[in-house]
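Here is a short report for a reader new to this protein. Look over the sequence and the structure first.

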Amino acid sequence: MVEELVAAGVTLASAGVVYAMAAARVVKQYERGVVFRLGKLRSEVREPGFTMIVPFVDKLQKVNMQVVTMPVPAQEGITRDNVTVRVDAVVYFKVTGPSEAIVRVEDYRFAVAQMAQTSLRSIIGKSELDDLLSNREKLNQGLELMIDSPAVEWGVTIDRVEIKDVSLPETMKRSMARQAEADRERRARVINADAELQASKKLAEAAQQMADTPAALQLRLLQTVTAVAAEKNSTLVLPFPVELLRFLERAQQNTVAPQQVVQQPVQQPVQQSVQEQLPSPVARLDPEPGGSKSGQD
């Protein structure tokens, strides 16, 4: 009798251990457990830690709640300004409703991937090439809204969408390079013209200042000669400035003028005395050369 009781106890204990091992489940910190009892969804979601289910009756399905990084394959499309491009992107999403992610969609990862590809093709057709190259933030937000709208019903939230790369045809790359080169050249010419204008204004002010002081031009010439002669590897032709000639001419006029003033009072009495000594017929011959012929006749 005792042996039978011991055997029954051992059997029950073994059955209990087997049952506990079949019913015991461990849910990790980044997971949530969804339980189906006889194929029907249980409303309670199992939290991380140790949990028990009914063996052969309940089925526990774990759902990863981490942020998933999914690359979107490169999609080829035509932009609104008729340029063929290839664009690839990356999607960051996570599951916020474990029950909806399991029940409402067969495979939420595949569904999000297909939705991301179709949305990327749609955003390419609605955008221009300049927007794809320079205004990506706005396109990322629009792409995120397009993917997030149907994904909310699947218990999935789109955290972020980023356009990674935009591939252009070689002909378009060369055209853009020529456009950038032409724009750079235009800016260089404008800057050069502005510099010439400023330099001309400064030169005009310098010329006006040198006109007031002619000696400054000679000093500037000597400075230029000094700068050129420093190389000692070329023949120097020294020009003679016209302003220096004018300066010397004015200086000569200033020295000759006082002598003329002194000589004039001396010459006038001499001329008057000579005219008084000459006879009158000779005085009549002076005004007209033809008068001599009439006097001889």
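## Confidence

In which helix is confidence lowest, and in which strand is it highest? Helix α9 (residues 280–285) has the lowest confidence, with a mean of 40. Strand β7 (residues 84–95) has the highest, at 92. Over residues 261–297 the pLDDT is below 50. Beyond near neighbours in sequence, this stretch has two contacts in the model.

The model is predicted. The mean pLDDT of the protein is 80. A pLDDT of 70 or more is reached by 82% of its residues.

## Overall make-up

Ten helices and eight strands make up the list of elements in the protein. The protein has 297 residues, and 22% of them count as buried. Its accessible surface comes to about 21,600 Å². Carbon and sulfur atoms hold 56% of that surface.

Take the contacts with a separation of 6 or more: 65% of them are between residues 24 or more positions apart.

## The sheet

Three strands form an open sheet, in the order β6-β7-β8, with antiparallel pairing. The edges are β6 (68–78) and β8 (156–167). Each has a single partner strand, so one side of each is left without a neighbour in the sheet. On average, neighbouring strands are turned by 25 degrees against each other, direction ignored.

Nine bridges join β6 to β7. In β7, V85 is the bridge partner of G77.

## Helices on the sheet

Helix α3 (residues 108–126) lies across β6, β7 and β8. Helix α3 runs at about 35 degrees to β6. Helix α5 (residues 136–151) also packs on the sheet, where it touches β7 and β8. The direction of α5 makes about 140 degrees with that of β8.

How values were computed
Residues numbered from 1 in each chain as written. Predicted model: local features only at pLDDT ≥ 70, side-chain atom pairs only at ≥ 80, totals over all residues. Heavy atoms only, no water. Helix = DSSP H or I, 4+ residues; strand = E, 2+ residues; numbered from the N terminus. Buried < 20%, exposed > 50% of the residue type's maximum accessible area, 1.4 Å probe, protein only. Contact = heavy atoms within 4.5 Å. Areas by Shrake-Rupley, 256 points an atom, 1.4 Å probe, with all protein chains shown as cover. pLDDT = per-residue confidence, 0-100. Pairing = 2+ DSSP bridges. Axes fitted to C-alpha atoms, helices over the stretch in contact; angles between N-to-C directions.
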